[in-house]
Amino acid sequence: MRGYQTRGASLKVSLGAGVAGLGLMLLGAAPPAAAQSTFANPPSLPQTAPATGSANVPGLPKAPSAISLATAPAAHAGKERAFDLHIQYTDAALYDPGEQRYQRVHLRSYVGTGVSPGTPYVAPEIDVTPGDTVRVTLHNDLPADPSCNDHSITPDTPHCFNGTNLHSHGLWVSPAGNSDNVLISLNPGVSFQYEYNIPADHPAGTFWYHPHRHGSTALQVGSGMAGALIIRGDRKPTPQVNGDLDTLLIGADGKPLKERTLVFQQIQYYCLDDNKTPTWDCKANQTGIIETYGAVQNPPGTVPPTSDEFSPGSWAQSGRWTSINGVIMPTFTDAQAGTAERWRLIHAGVRETINVEFHKMADTTTATARPSKNGADKFVDTVCTGPAVPYQVVAADGLTMGNTLTNTNTTLQPGYRYDLMVVFPEPGNYCVTQSPMAADVTVSRSGTLRSLLGVVTVRGGTRTADPIQTLVNTLVASAQKNMPADVRNQIVADLTTKDAKGKPNILLTRFVPHPTIQEGEVAGNPTQEMLFYLGPKDLNNPNGPAIFTVGNTFQLGADGRPQTHSYDPKVVDRSLILGQAQTWELRSYGVNHPFHIHVNPFQIVAILDPDNNDVSAPGYVEKDGDTQYAGLRGAWKDTLWVKTKIPFGATLTDKTKGYYRLIVRTRYERYIGEYVLHCHILDHEDQGMMQNVEIGVGDGNGGLAKAHH
């Protein structure tokens, strides 16, 4: 990793050939195959019975039990579900908007049953229910990689690119043994069966899975190795217990509302030119690959002077485009005006910020119109001219929000998930766009221009002048028909709540999965301090190599350096007591980072900007226009953007200002063992921005009880 440089957006606006005045590039001369251009939910990974052929595979069950698993998924909770995944190199193609053609690529991916041949660079969706035991047998069929067993390589040097493992991001399951254990490495030729015992009281929601082998996480996730993991629930609320949001999202026909699951990915492949030099400029006869963290080097004199595969600025320079379920700029079909839909958004990319808006397209354009990479902002400004469509944010990181948000723009940082309820007001074509972002909002600290993510075709249905009120009416009708009588009136009252301006303020208090952590639960327990620091290894050389570190205190050392360190797999950085609840404060003293912790989610208490304003209050707009924190007070999440105004390489003192203070609370429930917290900019994690956390049984004196002979 070279010096951590930043730069502004460098996208050149150029209008390609096409419709005069609009600068459109139509996919007419060489249109993509329908399967490649039309949105489809990820294929569901089929359940399989234990393979009888596994008897000779070390580490796998030798034979089915006497009570064998069914070969088809059960229709209700509490059943065994078995899945099978292989990891191999796959040859396929991705659409290149800059060249208006498909580009051959050769990337690591999940393969086998359930993987769509047309979109191999998105993993199949795993659908389960609370109470299930989920077994995922993972086969690493990649070529041998000597670096996986080379102990001379430091842990925080990216390596073992063919080693892997599996993380069930956001699941509340054990981190130990063969459950959600990311502290093991499955080297080439090894098969391993994960077992997730999902509690019967696990929240239903939107989760995902991806590799988490320290040293190769970014490279593998950046190759498309990520998939949705959806937990579906059928528990209706009672006077004593909250229920699953799924039971409310039912249409007049008695069926679940239309659902779209969007796995956003950023597959940043490069090619080798005739001199075997890495280049972003992939010719038609070349094949895209991802084989290193230090690929394309920019010419001397450019800003930044050098660029690693996953460094700031490299995404914009690469010319690649955010894909959705393995497709670039898909068309979302079968939407109807005035009809509520559930959109599950999953940021499964490595490091680039995404935001989502909907705008009606100009009537003169068609659903097949697409821009070039360089003309994307002009395309959106000219074609996506309708007002932003309001929608409702109903869940964050898979967990239903009691106080939902009426948004026209929602920001997703790496690892985030948001569930939206969307009602398109009238027939026509709608742009799914990414709006401009200021540098302080983004992972790369570079301003971005508007761009297109996809197009929705809305046909038929009933026009509505007020999409949010139409959503309220839909949910109220469902509640009156489907909710139990002893909670129905409360739910309807929540759904029809108004704000101070008389606008709908939809509440879902009877569907929140976790009770609020009260002050009395954390009283007397010291606050956990968590500090991210990305800065120069040599304070006298701000343009030199960087260090990626995490610390347990906000105090600075005598040299002005934060008391942080890079990841050490042999060190347990935090020992926490099972059954306790605790307040955490999160900060960054150098560059923005998304904080993610495994196993136990947290509840947001307050997010204080450098002037001590709580920017998590509903409707709050920061001075820089940022609204990504607005309304998150009280929400439960497992990943949270730690914003700061402190740049890379800044001189720090005890009076340094510019950092945000993120106050959250969490409970350490049910599970003991070691797991991790880390920055979800995955190349940061691979290079050391991670800690080991241990949950154990208390010894009665404020520590953890240890076994004695």
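## A buried cysteine

Cys 679 is buried, at 0% relative accessible area. Buried means under 20% relative accessible area, exposed over 50%, and partly exposed in between, with a 1.4 Å probe and protein chains only.

## Basis

This is a predicted model: local features need pLDDT of at least 70, side-chain atom pairs count only at pLDDT 80 or more, and totals for chains, interfaces and linings use all residues. Residues are numbered from 1 along each chain as its sequence is written, and side-chain values use heavy atoms, leaving out hydrogens and water.

## Disulfide count and pattern

The whole structure holds three disulfides (pairs of cysteine sulfur atoms within 2.5 Å). Counting bonded cysteines along the chain, the pattern is 1-2, 3-4, 5-6.

## Right-handed links

Cys 148 and Cys 160 are bonded, with sulfurs 1.9 Å apart. The link is right-handed, with 95° about the S-S bond. Cys 148 and Cys 160 both lie in the loop between β5 (133-140) and β6 (167-169), so the pair ties together parts twelve residues apart in sequence. Strands (E, at least two residues) and helices (H or I, at least four) are DSSP runs, numbered from the N terminus. Both Cys 148 and Cys 160 are buried.

Cys 271 pairs with Cys 282, S to S 2.1 Å. The torsion about their S-S bond is about 110°, so this disulfide is right-handed. Cys 271 and Cys 282 are each buried.

## Left-handed link

Cys 384 bonds to Cys 431 at 2.0 Å, S to S. With -80° about the S-S bond, the link is left-handed. The pair joins distant parts of the chain, 47 residues apart: Cys 384 sits in the loop between α4 (376-383) and β19 (391-396), Cys 431 in strand β23 (residues 428-434). Both Cys 384 and Cys 431 are buried.
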